[in-house]
Amino acid sequence: MKLIAPDYYAGFSCLMGDCRHSCCAGWEIDVDDEALSRFRAVPGALGDRLRGSIDEDGDGARFRLTEDGRCPFLNGEGLCDLILSLGEDCLCQICADHPRFRNFFSDRTEIGLGLCCEAAGRLILSRREPVRLVKLSDDGLEDPILPEEEALTGLRGRLIALAQDRSTTVEVRASRLLQASGLAFDPDSRRWTAFFRSLERLDEDWTSRLDALDSAPPAPLPESEPWETAFEQLLVYLLYRHLPGALDDGDVSGRIAFAALIFRLLRDLCGADMARGGRNGLDGLVELARLYSSEIEYSDENLTALLDEIHRRSS
């Protein structure tokens, strides 16, 4: 079995106390069975504190968040008391993994970094070179790839090549992706804001960004660095992360169109920020990508609803 990742993957490191949007706040933190067993065996005052901070019911175990939605082990310096006391090996699976995601194939596992993390977002969106997929590890066994997986990864490779075709603008490349999906709908972001507001939302800042897009036309973004490559990296990320999901739901066309739609949404949200004198440049895009990812990518319900809406508007 092989482990595959984008070639920027090894460059990731957590901002720890310097992170402005800690993954230890605002999220439900599940405790897996293996971690729960480890936590039950921790002696002394820390063990008592651990066991007193976990709720268990028929749906599993999770940390009991503080009144302001923080993990009970996130200290005032933005660091994890568990890591400081026990080391990183003590973490439950969700904490050890975040912001990583995985897609599983018969011959390999693909791993990547999610845009909901500001450090990952900056690493991905500031990259100037075209992304390549690299092998992180290989057990030497030649597991056969299923025909449907081979077809999908071949298609994804061609779509990524299209997204990285720097002989034309990234706007043109996104339009060609939408054409390649075979779906016809209006990608104008201002026609989608009401739908995005209808989804479950975590952060009112996301709502205010959608409202701002409604209130005035977005400013056009320059067809120059760093915008062109930043949005190229966004397209590649969306294709790499989301197209493998079609192996489960069969929705190849919807997932390609999804990439084109999210491209347009984030581009227009950046333009709306510029129009009202807000943050622009890479900092603004990283923050918008973080909001999008937290609101859509990390909610199976929202992601499914968006794919369904894409097809509804294409019928």
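**The cavity and its setting**

Modeller: The protein contains 14 helices and seven strands. Its radius of gyration is 21 Å, close to the 20 Å that the globule rule gives for 315 residues, so the protein is as compact as a globular protein of that length. Taken along the principal axes, the box filled by the C-alpha atoms is roughly 60 × 55 × 35 Å. The model is a predicted one.

I turn now to the part in question. Rolling a probe the size of a water molecule over the atoms shows where empty space is left. In this structure there is one cavity of 30 Å³ or more, and the largest cavity holds about 30 Å³ of space. Its lining is made by Pro6, Tyr8, Val131, Leu133, Val236, Tyr237 and Tyr240. By class, this lining has seven nonpolar residues, with no polar and no charged ones. The element that gives the most to the lining is helix 10 (residues 227-242), which supplies three residues.

Pro226 lies in the loop between helix 9 (204-215) and helix 10, and the peptide bond that joins Glu225 to Pro226 is cis, with omega about 0°. A cis peptide bond is also found from His98 to Pro99, where omega is near 5°. Pro99 belongs to the loop between helix 4 (93-97) and strand 5 (100-104).

A further local feature is a helix pair. Two packed helices are described by the angle between their axes and the distance between the axes. For helix 6 (residues 147-163) and helix 7 (residues 170-181), the axes come within 9 Å and cross at roughly 155°. Angles over 145 degrees count as roughly antiparallel, so helix 6 is roughly antiparallel to helix 7. On the side of helix 6, the contact is made by Leu159, Leu162 and Ala163, and helix 7 contributes Arg173, Arg176, Leu177 and Ala180. Sorted by class, this contact has five nonpolar and two charged residues, but no polar ones. The lining of the largest cavity, by comparison, has no charged residues.

Note on methods. Residues numbered from 1 in each chain as written. Predicted model: local features only at pLDDT ≥ 70, side-chain atom pairs only at ≥ 80, totals over all residues. Heavy atoms only, no water. Axes fitted to C-alpha atoms, helices over the stretch in contact; angles between N-to-C directions. Helix = DSSP H or I, 4+ residues; strand = E, 2+ residues; numbered from the N terminus. Parallel < 35°, antiparallel > 145°, perpendicular 65-115°, else oblique. Contact = heavy atoms within 4.5 Å. Nonpolar A, V, L, I, M, F, W, Y, C, P; charged D, E, K, R; others polar. 1 Å grid on protein atoms, 1.4 Å probe; cavity = no way out; pocket = protein on both sides within 12 Å on 5 of 7 lines; lining within 4 Å. Points joined across faces, edges and corners; volume = space filled by probe spheres on them. Rg over C-alpha atoms; globule rule 2.2 N^0.38 Å.
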